[in-house]
Amino acid sequence: MGLHHDHSHGHGHHHHGKGANKKALMIALIIITTFLIVEVIGGIMTNSLALLSDAGHMLSDSSALFLSLIAMYFAAKKPSPEKTYGFYRFEILAALINGVTLVLISLYIFWEAYERLFAPPEVASLSMMGIAFVGLLANLSAAFVLMRGDYKNNLNLRSAFLHVLGDMLGSVGAIAAGFVIWRFGWYIADPIISIVVGILVLVSAWRVTKESVNILMEGTPSTVNIEKVAVALSGLPGVKSVHDLHIWTVTSGFDSLTCHLHVKDDVPSYPVLHEALHLLETKFGITHATIQVENSSIRHRELMCEVGPQARDNHRHDHDHQHHDHDHSH
């Protein structure tokens, strides 16, 4: 009575807003790259190491945005027999690279700040403030453009947004440091503010990197409680237990689920399947699910994944009371 059903009509929402996201990245890339050139020229003209360092940060932003655009191009390619999910995961790889880059940038900021604490270099404070202010406007514009995309649900877009946000904090810090240096002559303000900005960048980097790694490791999405899903499915009429339950993220906004529902022998499969799919979609927002409905005629060997004590106890009970050796591979 094994019934295998692939419910996949609902993941079209993943494509919603793709065009807007791509446009947002393109506009942000143009803004950031344009100001990157301005900041490099300004840094050379004013002999400001602080501005040249910030230009390096801007270069990483520009690279991150460019990488995100490439990722979206690959993600839009159609699935093939060799890559049945297409190139969706390329977006997550791009987000991971961006996150790791942010970590390296923050470490570089700490190293530079450490050296400057002991020997603060002289800075042309007024020029520094002026160029940093223009940089702040450029970053605000880029951040505004990215926020108009689906940055909350798209990890790739969010990592690019965090790059810009980190550089925006850097511009604020440069303005503040420039003011303190101009007003009081405290050159040590530059490395102190750099450390504060570096910590904020590191926190953002950790979040993006952690979420990217979780997705690549097929971890359960942070927005889904797998125990609650198991309990809800177990509570459906006719369902005795749930086992071999897996929930993972293919890419941002596209979660998948597979599981086995053990039902009573006299319960028809399709009504249970329909109820389970409806429950997953309405209560947990999971629209791409593969569910196998089975009764006592199906016997499993030890499964890799069982969720919840109820599922384990029921499975052990059924296993002990089955006297035939019908194997079901999955």
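The model is predicted: local features need pLDDT of at least 70, side-chain atom pairs count only at pLDDT 80 or more, and totals for chains, interfaces and linings use all residues. Residues are numbered from 1 along each chain as its sequence is written, and side-chain values use heavy atoms, with hydrogens and water left out.

**Confidence**
- The mean pLDDT (the predictor's confidence in each residue, from 0 to 100) is 78 for the chain, and 81% of residues reach 70 or more.
- Where pLDDT is low, the predicted coordinates should not be read in detail.

**Overall fold**
- The chain holds 9 helices and 4 strands, taken as DSSP runs numbered from the N terminus (helices H or I, at least four residues; strands E, at least two).
- From the N terminus on, the order of elements is β-α-α-α-α-α-α-α-β-β-α-β-α.
- Of the 330 residues, 49% are buried, where buried means under 20% relative accessible area, exposed over 50% and partly exposed in between (1.4 Å probe, protein chains only).
- Among contacts with a separation of 6 or more, 76% join residues 24 or more positions apart.

**Helix 6**
- Helix 6 (residues 189-216) has 28 residues and spans 41 Å from first to last C-alpha, close to the 40 Å expected at 1.5 Å a residue; the expected span is 1.5 Å times one less than the number of residues.
- Its buried residues include Val197, Val201, Ser204, Ala205, Val208 and Ser212.
- Glu218, which follows helix 6, has a positive phi near 60°.

**Ala142**
- Ala142 lies in helix 4 (residues 125-147) and counts as buried because its relative accessibility is 0%.
- Ala142 touches Ala28, Ile31, Ile32 and Val164, leaving aside residues up to four places away in sequence.
- Ile31 is 111 residues from Ala142 in sequence, yet the two C-alpha atoms are 6.4 Å apart.

**Phe184**
- Phe184 belongs to helix 5 (residues 155-184) and counts as partly exposed because its relative accessibility is 47%.

Terms used. Contact means heavy atoms within 4.5 Å.
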